[in-house]
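Here are my notes for anyone opening this one for the first time. Have a look at the model, then go through the points in order.

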Amino acid sequence: MPHRRIGWVRPIAFVALLLVLWQFAVSRSSTHLLPGPWETLGGIADLVRHGLLLKYVTASLFRVTWGFVLAAVLAIPLGLSIGWHRRAEMAFNPLIQIFRPISPLAWIPIAILWFGVGDLAAVFLIFLSCFFPLLLTAINAVQRIPAVYVNAGRNFGLSEAGVVWRVLYPAVLPQLITGLRITLGVAWIVVVAAEMIAVNSGLGFLIVDARNAGNRYDLVVAGMAIIGVIGLLLDQGMRSLEGSKTLRWDYSED
Amino acid sequence: MLPGTVMKQVETKLSAQHIFMTFTRDGKSTPVLNDVNFDVARGEFLCIVGPSGCGKSTLLSAIGGFLTPTGGEIRIDGEAVRGPDPRRIFVFQERGVFPWLTVEGNIGFGLFKLSKAERVSRVAHYIRMVGLVGFEKAYPAELSGGMKQRLEVARALAVNPDMLLLDEPFGALDSITRLIMRGELLRIWREERNTVIFVTHDIDEAVQLADRVAVMSGRPANIRKIVEIDIPHPRDISSPRYLELRNGILEQLGLAHQI
Amino acid sequence: MSALAQPRKWEQYFWPLVAAAALLVLWNYSVVWTKTKVFPSPLAVERGIAELAHKGVIWAYIGDSLRRVVLGFCAAAVVGIPLGLTLGWYPRVNQVVNPTLQILRPISPIAWIPVAILMFGVGELTPVFLIFLSAVFPIVLSCVSGVANVPAIYRRAGRNFGLTAPQLLARVVFPAALPQILVGLRIALGIAWLVMVAAEMIAVDSGLGYLVIDSRNSGKRYDLVVAAMVTIGLIGLALDLGFRRLREFRSVRWGFRDGA
């Protein structure tokens, strides 16, 4: 279909339209505090010139990676075990359901109390924000395995461990990857919030600092734009992982 | 023509001329229908039989107006088919009933142009006709496969269409239910006398139900032969004539009648 | 899943209680063993909750937080559902708009705070705006997805019966997509609750989020901090459970076979 080839033109045109409207709204406003697209670009250039862009992006990514990986390494095996044993799920589910709605940010005083102000507190917050969703994803993934797969495994004489390795893990993989992707997005959102409060580098810090130390709203919005783009890239990266052939068997829709 | 022969008045309901259908995807074109020609008389029960994937569902979709043929024309009552129309209702394999509506809600779905009183009485009539009395307020999730199929037929009939287009409607049912449903369908058809086009891959089903059977070839498909089933209803499925006709169709499709 | 015997009915209550008791015991003893002067024991938290209830503070703050969430969430639903349905209905429009949404979505509502304060000042509108922002994306996306996932058969049947496009949208597409839309709304409510806490920590001076920060800042009252956290958890859970109740309606129950 001829569509395919010009598939990028219209979305970009739409973004361009929004940028124009934004610029227009800013130039018409009486306060000249909120920056337009050009000023934002200028802000980004500024950051690059001072070598801050790379430094801050790296700092934020670093915290996300640590918190996310730690959460995954702990939550997934734990969640798979809990999902596998009915009684464990009965025991822990209510507790998880109570912890889950507590915003990671509500943990900030506790985090600072335990880890002081710094990277560790931020990583802890990210860890928390990823842990519960991943735990629930793993539990849910196990519960959704069709009983026929497990029965077939047992029918062929697999031991309990064999069923776990050769049926359970492959069967849950697609759902886990989707869960990881969504949770990575959450981690990225939380890192920004955590940095606004508990550290002194990173994109979240940039946003707070730029405002506090001189009302540099161009840097604020520049920071927001960069956050958005990186978040998008992370998401797309995970999606291509989901798309790889060996995982494809599960996908009927997003 | 012998003297005294009465000419049967055959009013043509549907006329399909030189139907071609080619699907193009990613630059590759797949011809599915290749010069299909046939007529359907008013009030007739026509079955279209063919192997899976031969294009019979495509043909039926074209008749229903959901697809436009790449070549040729389909005319119903002399009018060219341009799109879906409540005068010819499609019946799917029970997956077509709306799960968020009750039995009454489903049957009444197409009746939005009627007054409330008319709607209520018509819905009640068709609930009785398909044998779903007592299940008026039930949701499809609570019904068996056979009941859902009856519901779908009732929904289709409620708008009094001229034509019913059935696409392997009994395919998802077990074989016992299928036999029962065939009888039900014939019973209903005798009451309503719509024109019916019924697509199936089950040859026995076709010979049991139809006035005429159109046998389709494999892809790219056309109509190999139209067989007239001249056995009066109720048909004995062990009678020699039945077996003769059935075996004839099997041969048309290149299949032996011994396993 | 595991081959152990099927659990009995009473076990549904037994095991969570065991786990909760174990947690409380562990908590209590870690406080005692580490001889921490700051971190509260379970008992201290309970007393803290009582204190807040007694002073009436907790009820006022719960009311404030709930009010903000409800306002922001409803605004997000009112804007998001029609927008999502439209985008889902016209896939070409969606193709154009979607990349923009995907870029805006990862920008934490927290990052919007300076801009929000600039636009709305410090007051009620800022947290409501932030909540609105955080809830609107999941709602729009689940509506788009819900519409896209309506089986073609239903649309076909609708067209077959002679429905016009607006009728098709209202009588077939919307009811068919409703289960998925409800899931999106429930997720959005959960996110709204989380963001509310964050927004209150920064931009206002009442509410549960504010209570968390304030208890620490004015006097290191960690017992109140944890008390506030527990309250946040319980109410958030209640909101989620309440929403799950909506799935019981038979006109949507069909869409929830697996316990979404």
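**Notes on the model**

1. Let's begin with a residue in chain B. B:His18 sits in strand S1 of chain B, which covers residues 12–25. Keep in mind that this is a predicted model. B:His18 has a positive phi of about 50°, although this residue is not a glycine.

2. B:Glu168 lies in the loop that runs between strand S7 (163–167) and helix H5 (175–192) of chain B. With 19 other C-beta atoms within 10 Å, B:Glu168 is partly exposed; it does not count as buried because that label takes 20 or more.

3. While you're in chain B, look at the peptide bond between B:His233 and B:Pro234. This bond is cis, with omega at about -5°. You'll find B:Pro234 in the loop between strand S10 (223–228) and helix H7 (240–252) of chain B.

4. Now zoom out to chain B as a whole. Its secondary structure consists of 7 helices and 10 strands. The radius of gyration of chain B is 19 Å, close to the 18 Å that the globule rule gives for 259 residues, so this chain is as compact as a globular protein of that length. Staying with chain B, buried residues make up 41% of its 259 residues. Of the contacts in chain B with a separation of 6 or more, 69% are between residues 24 or more positions apart.

5. What about the nonpolar interior? The largest nonpolar core has 218 residues. Those with the most contacts inside this core are A:Leu125, A:Ile126, B:Val213, C:Ile131 and C:Ala192. Helix H8 of chain C supplies the largest share of the core, 22 residues. As background, nonpolar side chains tend to be buried together in soluble globular proteins.

6. Which residues does A:Ile126 touch, leaving aside its neighbours within four places in sequence? The contacts are A:Arg63, A:Val64, A:Gly67, A:Phe68, A:Ala187, A:Val190, A:Val191 and A:Ala194.

7. Next, the contact between chains C and A. Each side is made of 51 residues. On the chain C side, helices H1 (11–34), H4 (91–104), H5 (113–120), H8, H9 (208–217) and H10 (222–245) each supply at least two residues. H10 of chain C gives the most, with 9 residues. By class, the chain C side of this contact has 35 nonpolar, 12 polar and 4 charged residues.

8. Finally, the contact between chains C and B. Here 14 residues of chain C meet 18 residues of chain B. Helices H7 (152–160), H8 (165–203) and H11 (250–253) of chain C each supply at least two residues to the chain C side. The largest share, 6 residues, comes from H7 of chain C. This side of chain C has 8 nonpolar, 3 polar and 3 charged residues.

Conventions
Residues numbered from 1 in each chain as written. Chains lettered and ligands numbered in written order. Predicted model: local features only at pLDDT ≥ 70, side-chain atom pairs only at ≥ 80, totals over all residues. Contact = placed C-beta atoms within 7 Å. Helix = DSSP H or I, 4+ residues; strand = E, 2+ residues; numbered from the N terminus. Nonpolar A, V, L, I, M, F, W, Y, C, P; charged D, E, K, R; others polar. Rg over C-alpha atoms; globule rule 2.2 N^0.38 Å. Buried ≥ 20, exposed ≤ 12 C-beta atoms within 10 Å, placed from the backbone. Core = buried A, V, L, I, M, F, W, Y, C linked by C-beta atoms within 7 Å.
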